[in-house]
Amino acid sequence: MGHILQTSLAFFTPESGGSPNANQIDSLYKITLTIALIIFVLVEGGLIYALIRFRAKKGAVPAQIHGNTRLEIGWTVAAAVILVALAILTFTKLSSIENPPNSGPNGSSLSANIEDDYASIDKKLPPNGKSLEIQVIGRQYIWQYVYPGATEKDELGAPYSYEKMVVPTNTTVTLNIVSSDVVHSWWIPELGGKFQAVPGYHNYTWFKISKPGLYRGQCAVLCGRGHARMIAAVEAVPPAQFEEWLSRQKTEIAEANAAAKEARAKLSKETGPGQVENP
Amino acid sequence: MATYAAPVPQVAAHKVEREKESWTSWITTTDHKRIGIMYMVTTFVFFCLGGIEALMIRLQLGAPNNTLVTPTTYNQLFTMHGTTMVFLFIVPFMAGLGNYFLPLMIGARDMAFPRLNALSYWLLLAGGIVFYASIFWNPPEAGWVSFVPLANATYSPSGGEDAWIYLIHLTGISSLVGAINFYATIANMRTRGMSWGRLPLFVWTILTYSVLLIIALPVVAGAVTMLLTERHFGTHFFDPAEGGSPILWQHLFWFFGHPEVYIMVLPGFGVISEVLPVFGRKPIFGYKAIAASTVAIAFLGFLTWAHHMFTAPIPEAILVFVMLSSYFIAVPTGVKILNWVATLWRGTVEFRTPLLFCVGAISIFLIGGLSGVFLATFPIDWQLNETYFVVAHLHFVLMGGAVMPIFAAIYYWFPKVTGRMLSEGLGRLSFALMFLGILTTFLIQHVIGLDGMPRRVYEYNNVGHLHLYNLISTVGSFIIAAGVLATIVNVLHSLKKGTVAGPDPWRANTLEWFTTSPPPVNNFDVLPLVRSSEPMKDIRREVERRTLGPAPGSGATVPAGARQVGV
């Protein structure tokens, strides 16, 4: 029982530890939790006290009070003050949650100045304007990640991966989240909040991982029958290893494309014209 | 059954014949009491169906990687569960309570439009039947929020989604007609002396409920009509490829969906505000503050819908505005809770079942209200949105704000409807099981969500202690079910075998207790002038003074229609 209680308390806060924004959300959560617990104990305590102290007893006469304007104005103002304080607290924490920091000195050199193709007020960039931008594409029921390094126009020829995203440590990674079919939601709990992938829209978030490791998550908005299996993972590796992985991925994709083209041509020859797409 | 030394006022005579007890008299009735009973019985059946769906959901989640139901069935189960509880149980059950008690509480003989009232009920039943008929073909599976594009014809080709649309339409028209009826009744049919400042607080909440329905329902009706034409007639309201927007659906749905929360909980608050003073033997603390906070919550409720969309791509200015408006709504809600505690303070609290359910409701709602502050803070919501933390939050809000008050209402008003008391023993058992069950099921769900488990998933891996936590929640859900079952047994048993209640078994404050139990078709032959917000207290005092007082003939008269019975 003690064990259960201990783990419950340890788990009664959001996941964090992967990225500074997740840590800041966690600390804002803990302050709110403290305030909420105090209010809960006071109100619930008052209720229980009233029930015990003023239970019907022989000879007890109920006071015929209809209200107390001063008291009522008092607690209305008190409630408002608590909420104003909470709002101020949130605003002081907001920039550390929303605004990505610069990459560390030992981050990946692939971080580039991000050019905006489309005007956006909600896309946040680090102060020096440099980040590793990865496009996250949600589709039933798999996540696709497109990395920088396009060889042709419109991001074509860029290396990509499915389900597992590989990123360099100490590097600010900005995500550009889109969907190709229904609404999905990108979420890796230890790396910060979740953001919907909505067809026709871009949504943005970021993370910066200092500790190499595997961070897991999954789609958070109902997207169909396979929703529960639309999992995601982010693997953080040292920058050198990341760059090596990325170029290997690029080569493998190019090889696979070439092999597929060959196979299509072969198949087209066997089946006759018009049977195979892009022969 | 307790007996009281004080005399009990009672209506003198009834010249109106009782309605016949044949089935045709039930399906053709326009009597608000019979329609109210049909509402409550029908919606309670849907509550049981929605509850069975919930138990199947919990059974599936009781073990990691469980294969009890298929992913498709699972999606259908939670879609049916959510839709049933919102559209076929809580909202129409409140309408049933309003139907039965609102005319009695304001001293009217019926609703303003009795035939429209019958129409409301039959539309509701039609909506329920259309919706549940889909289980014989393909039930809907896009969730009770039916987000597009998932709910459009490409991704949800089955007719289940259309059944869902027709349910929204039919129950929507039902509620709209009913809401107009409630409003007209309250505005026009109050008895002599029943000014706005003397209106029972339950009636205030039904008034607010009606206004909310009248404003919010046309919006969702428009949205589901757009979905219907999108699915079948080639429109592109929500299709970005054709210049539409999936976010438009989220805005329209939540513009209705958030006020819907208050539509569900405000009448529950009304029940609490009626029951506490009766069993605390003390007037409600701050009548005006409670009535005003009801109206304030309703107004602010229309400014907060986008807090359901904090993770959607919407401008940050909206996030900030909605966070502040959501904080703001916590003020009138908190005021209500403090007023209730103050109502019990220095009273003489009698622990009868209706009071127990109300006190339980306040405790549970308090947890739901406080967890709402986390969700209103948008950076925190980015972590908690769409997880089991939200599932826990909404169940604490609705269990505390609506379900527990509905059970309080059942125990409080059953004697009036049937003329018989419910068993206190079974009532206490039912309360204890439901209260503990709710805490067991939903407290742990906060932790499940914080650990990263999203809602609406049919399976999970046993990471950390997810299996243990989910198992606790599943056990809790069956405890709730046992509690509900105890009340069902209690009702069925007491219908015939319960102690005879008499007109006013609780020594209550409002006018429904002035007439016989069950009330005659015309409710009252005559009514005394209402002189305060607690007319029955005045009437009892007057009878007492007349019976026991020193000097008869001092000018005051016994209220017309009131007759003393044995001391």
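**View 1. Chain A and its radius of gyration.** Chain A of this predicted model has a radius of gyration of 27 Å, whereas a compact globule of 279 residues would sit near 19 Å (taken over C-alpha atoms; the globule rule is 2.2 Å times the number of residues to the power 0.38). Along the principal axes, its C-alpha atoms fill a box of roughly 105 × 45 × 45 Å. You'll find four helices and eleven strands in chain A (DSSP runs numbered from the N terminus: H or I of at least four residues for helices, E of at least two for strands). As for numbering, residues count from 1 along each chain as its sequence is written, and chains are lettered from A, with ligands numbered from 1, in the order in which they are written. Local features need pLDDT of at least 70 and side-chain atom pairs count only at pLDDT 80 or more, while totals for chains, interfaces and linings use all residues.

**View 2. Where chain A meets chain B.** Here 71 residues of chain A are in contact with 67 residues of chain B (C-beta atoms, placed from the backbone, within 7 Å). On the chain A side, α2(A) gives the largest share, 13 residues. That side divides into 40 nonpolar, 22 polar and nine charged residues (Ala, Val, Leu, Ile, Met, Phe, Trp, Tyr, Cys and Pro count as nonpolar, Asp, Glu, Lys and Arg as charged, and the others, Gly among them, as polar).

**View 3. Helices α7 and α9 of chain B.** Residues 246-280 (α7) and 316-344 (α9) of chain B pack at about 15°, axes 9 Å apart (lines fitted to C-alpha atoms over the stretch in contact, with angles from 0 to 180 degrees between N-to-C directions). That makes α7(B) roughly parallel to α9(B) (angles under 35 degrees). Among the residues that meet are B:F269 and B:I272 from α7(B), and B:W340 and B:L344 from α9(B). The contact comes to six nonpolar, two polar and one charged residue.

**View 4. Two cis prolines in chain B.** A cis peptide bond links B:V148 to B:P149, omega about 0°, and B:P149 lies in the loop between α4 and α5 of chain B. Another joins B:S517 and B:P518, with omega about -10°; B:P518 is in the loop between α14 and α15 of chain B.

**View 5. Positive phi outside glycine.** A:E163 has phi near 65° and sits in the loop between β4 and β5 of chain A. With 12 C-beta neighbours inside 10 Å, A:E163 counts as exposed (12 or fewer other C-beta atoms within 10 Å, placed from the backbone). B:N65, phi about 50°, is exposed too, with 11 such atoms.

Definitions and conventions: Parallel < 35°, antiparallel > 145°, perpendicular 65-115°, else oblique. Contact = placed C-beta atoms within 7 Å. Buried ≥ 20, exposed ≤ 12 C-beta atoms within 10 Å, placed from the backbone.
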